[in-house]
Amino acid sequence: MSDRRRFRWAATSARMLAGTLAAAGFVVGIVTLSAVPWPTVERAPLAISVTPQPDTVTLACPGGLIALGRTAEDALGLSQAAVAAVTSGGTSGGRPDDAAAEPRILETEVPEAVGPEAYTAEPAGREAAALAAAGAATVSDPDLSGFAASACRPPLTESWLVGGSGTTGAADLVILTNPGSVPATVQLTLFGASGEQQPAGGADIVVRAGAQRIVPLAGLLLGEQSPVIRVTATGAPIQASLQTSVTRTLQAAGIDQIGPIVAPSTEQVIAGVAVPAATQGEGAGEGAETIVRVMAPAAGAAGPVSATVTATDAATGASIGSPVVVPLEPGVPLEAEVTGLTEGEYVIRVEADAPVVAAAWHTSGFVQGSDFAWFTPAPALGQTALVAAPAGPAPVLTLANSGEEPATVTVSTLEGAVIQTVEVPADGSAVVPAEPRTVSVIETSGGVIHVGMSLSGDNALAGYPVWPSDAAAPPTVVYP
């Protein structure tokens, strides 16, 4: 081999060796760098916490008691049987607000009747207002008899009505109130023994702004013994309620106004189920009973649902009887009887493995002079809530704690004077008397508190849950 060829071979070999060593070094370097943590620079994104301006608080009342078909010439004619006396009050900026007690009278389709009331409370600067109102009425006529009380509620785009009946002797009315400034279109979906139904009379019901519409339940689902109604509104939210009454063997045996339930839940706490002394007289108290109506909406349950109903004495916390298990088919309401309830206040809990709606019904008897009431679930309260007690029998607040920690609850006047402070044990309850025609402030600390207002006396029974006061929207984090 010539010297020149030897030199070229040596040069080529050297270049190949250098390349191999460089590649090996590169691989080793990459592996080493991947195993060694690199220095990093962390910078939190710019975030601004913004608290939205609190909105105006609006409440709408169902109004007075309405009679249906009192004249033979007009079987569907409406007339006012009794005017409701409303108690209201509110706070703005943490102080009593007299302006919140001034009502706005809405239109009604009942001839020559006083329309329902609506109340408004404005925020003070960036501090939210709170407002409460409740009405009550008594009627003693051959076709209508009893005492009814109901809280005025904020309008909702969707709500549920649990109670009433479409059977013979019932004259129930679905009441739709629009306190807003634009019309609302309402759809009524009914649930009964045959499941979910869309009656023609419940479709596209127009409720004018600042007005009320009344729809007879019998015209929607005639003959249904245990109806549940879903109310859906578009265009504007509405306040829905159900007036229910019953006549047995030509004797009026009670009347009530049922408020809405906001949404189905796996746990419904019905606080303040009042059981009065039975109506006096021969046979008056025979058959007096407590019934719980439960339904699992088809949209929230893929198959059969099991619900358990329990009752406890609100004053002592003692369990009453054994739990009642109710097997449910989605979209079909069922009823369970709760036995062993003597005179007093009770908490009824409905726990299910899918969201349900529920309400409890109690009657003092089945003859003239008897009365009944539907008690609906009480949502969990925040730190502060307002409750109005209307004129009528002595009102009672039932406090139920569904939390795992004890709670302290203080009931005060709007001016800040403490009425009573009570300790409510975990999974326990307590009872606090209230005064008629007053508005009280409920402040809670710890636990998960549900509160119900009940009113019971001679030939009178009614109740409604306490809802959280309308609070300011929580702060929102904005990332510019």
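Gly235 is exposed, with a relative accessible area of 65%. The model is predicted. Gly235 sits in the loop between strand 17 (228-234) and strand 18 (239-248). Leaving aside residues up to four places away in sequence, Gly235 touches Val182 and Pro183. Val207 is 28 residues from Gly235 along the chain, and their C-alpha atoms are separated by 9.9 Å.

**Overall make-up**

Buried residues account for 48% of its 480 residues.

**Salt bridges**

Side chains of opposite charge can pair when their charged atoms come close. The whole structure contains seven salt bridges.

| Salt bridge | N to O distance | Sequence separation |
|---|---|---|
| Arg230 and Glu196 | 3.7 Å | 34 residues |
| Glu335 and Arg293 | 2.8 Å | 42 residues |
| Asp427 and Arg349 | 3.9 Å | 78 residues |

Take Arg230 and Glu196, whose side chains meet in a salt bridge. Arg230 lies in strand 17 and Glu196 in strand 14 (residues 195-197), so the pair ties together parts that are 34 residues apart in sequence. Arg230 is buried, at 18% relative accessible area. Glu196 is partly exposed, at 40%.

The side chains of Glu335 and Arg293 also meet in a salt bridge. This pair links distant parts of the chain: Glu335 is in strand 24 (residues 334-338) and Arg293 is in strand 21 (residues 290-295). Glu335 is partly exposed at 32% relative accessibility. Arg293 has 2% relative accessibility, so it counts as buried.

Asp427 forms a salt bridge with Arg349. Asp427 lies in the loop between strand 30 (418-424) and strand 31 (429-433), while Arg349 belongs to strand 25. Asp427 is exposed at 54% relative accessibility. Arg349 is buried at 8%.

Elsewhere, Arg70, Asp141 and Asp143 are linked in a network of salt bridges.

**Aromatic pairs**

The count of aromatic pairs comes to three. In one of them, the ring centres of Trp361 and Phe372 are 6.1 Å apart and the planes meet at 45°, so the pair is tilted. The two residues are eleven apart in the chain, with Trp361 in strand 25 (residues 344-363) and Phe372 in strand 26 (residues 372-375). Both Trp361 and Phe372 are buried. Ring pairs join Trp361, Phe372 and Trp374 into a cluster.

**A buried loop serine**

Ser165 is placed in the loop between strand 11 (158-162) and strand 12 (173-178). Its relative accessibility is 14%, so Ser165 counts as buried. The side chain of Ser165 makes a polar contact with the side chain of Thr167 at 2.7 Å. Beyond residues up to four places away in sequence, Ser165 touches Ala170, Asp172, Leu217, Glu224, Gln225 and Pro227.

**A nonpolar surface patch**

Val83, Ile105 and Val114 make a nonpolar surface patch of about 260 Å². Val114 lies in the loop between strand 7 (104-105) and strand 8 (117-121). Val114 is partly exposed, with a relative accessible area of 46%.

Note on methods
Residues are numbered from 1 along each chain as its sequence is written. This is a predicted model: local features need pLDDT of at least 70, side-chain atom pairs count only at pLDDT 80 or more; totals for chains, interfaces and linings use all residues. Side-chain values use heavy atoms; hydrogens and water are left out. Helices (H or I, at least four residues) and strands (E, at least two) are DSSP runs, numbered from the N terminus. Buried means under 20% relative accessible area, exposed over 50%, partly exposed in between (1.4 Å probe, protein chains only). A polar contact is a pair of N or O atoms within 3.5 Å; within protein, one must be able to donate a hydrogen and the other to accept it, and residues adjacent in sequence count only if both atoms are side-chain atoms. Contact means heavy atoms within 4.5 Å. Patches are made of residues with over 30% relative accessible area and no salt bridge: like charges are joined within 9 Å, nonpolar side chains (Val, Leu, Ile, Met, Phe, Trp, Tyr) within 5 Å. Accessible areas come from the Shrake-Rupley method with a 1.4 Å probe; for residues, only the protein chains shown count as cover. A salt bridge is a side-chain nitrogen of Lys or Arg within 4 Å of a carboxyl oxygen of Asp or Glu. Rings of Phe, Tyr and Trp (its six-membered ring) pair if their centres lie within 6.5 Å; planes under 30 degrees apart count as stacked, over 60 as edge-to-face and the rest as tilted.
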